[in-house]
Amino acid sequence: MALRAAATTAIPVAPRSIRALFSTFSSNFPFNPPQAAQVEKPPPAEPSTNLFVSGLSKRTTSEGLRDAFAKHGEVVNARVVTDRVSGYSKGFGFVRYATLDDAAAGIKGMDGQFLDGWVIFAEYARPRPPPPSTQDNSNAGGYGNYNAPMYGRNNM
């Protein structure tokens, strides 16, 4: 009963329109929408003969990728990264040219073009970061650690 009495004696509020209730300009609600975060782009990759190609179709093969990029220079190697289980493309691949000039021509000629019905993007590939050192890792268990003791079996 005390709550009902308190609710009936609340301060009367002037009726407002529905639009005014949901408007951020006329509302007294102290909500500040988050500002667009400034995302730092990584620096562009240094020119190399290895190109990263993204936006590939699931039907794109390594041979198709090689044929498309061979129009712009001598392709040494072309590889579409595929899923281990299904064998379909993961949507990206790598093309290696013989010279830097051929690689630059490949980017200029193929970046933003259609391949198998999809727009592809070509850029210089970034080198892989070095793997984390395993010397500091004192984790004895886990997957892939063959030096760990085998639990549940007799170690003879």
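The model is predicted. The chain holds 4 helices and 6 strands. Along the sequence, these follow the order α-α-β-α-β-β-α-β-β-β. Of the 156 residues, 21% are buried. Accessible surface for the chain totals about 13200 Å². Carbon and sulfur atoms contribute 57% of that surface. Among contacts with a separation of 6 or more, 59% join residues 24 or more positions apart.

**Aromatic pairs**

A pair of aromatic rings is described by the distance of the centres and the angle of the planes. Searching the whole structure gives 4 aromatic pairs. One of them joins F52 and F94 in a tilted arrangement, with centres 5.6 Å apart and 55 degrees between the planes. F52 sits in strand β1 (residues 50-54) and F94 in strand β3 (residues 89-97), so this pair ties together parts 42 residues apart in sequence. F94 also pairs with F92, and that pair is edge-to-face.

| Residue | Relative accessibility | Class |
|---|---|---|
| F52 | 24% | partly exposed |
| F92 | 27% | partly exposed |
| F94 | 26% | partly exposed |

The cut-off for buried is under 20%, so F52 at 24% falls in the partly exposed class. The same cut-off places F94, at 26%, in the partly exposed class. F92, at 27%, is likewise partly exposed.

Terms used:
Residues are numbered from 1 along each chain as its sequence is written. This is a predicted model: local features need pLDDT of at least 70, side-chain atom pairs count only at pLDDT 80 or more; totals for chains, interfaces and linings use all residues. Side-chain values use heavy atoms; hydrogens and water are left out. Rings of Phe, Tyr and Trp (its six-membered ring) pair if their centres lie within 6.5 Å; planes under 30 degrees apart count as stacked, over 60 as edge-to-face and the rest as tilted. Helices (H or I, at least four residues) and strands (E, at least two) are DSSP runs, numbered from the N terminus. Buried means under 20% relative accessible area, exposed over 50%, partly exposed in between (1.4 Å probe, protein chains only). Contact means heavy atoms within 4.5 Å. Accessible areas come from the Shrake-Rupley method with a 1.4 Å probe; for residues, only the protein chains shown count as cover.
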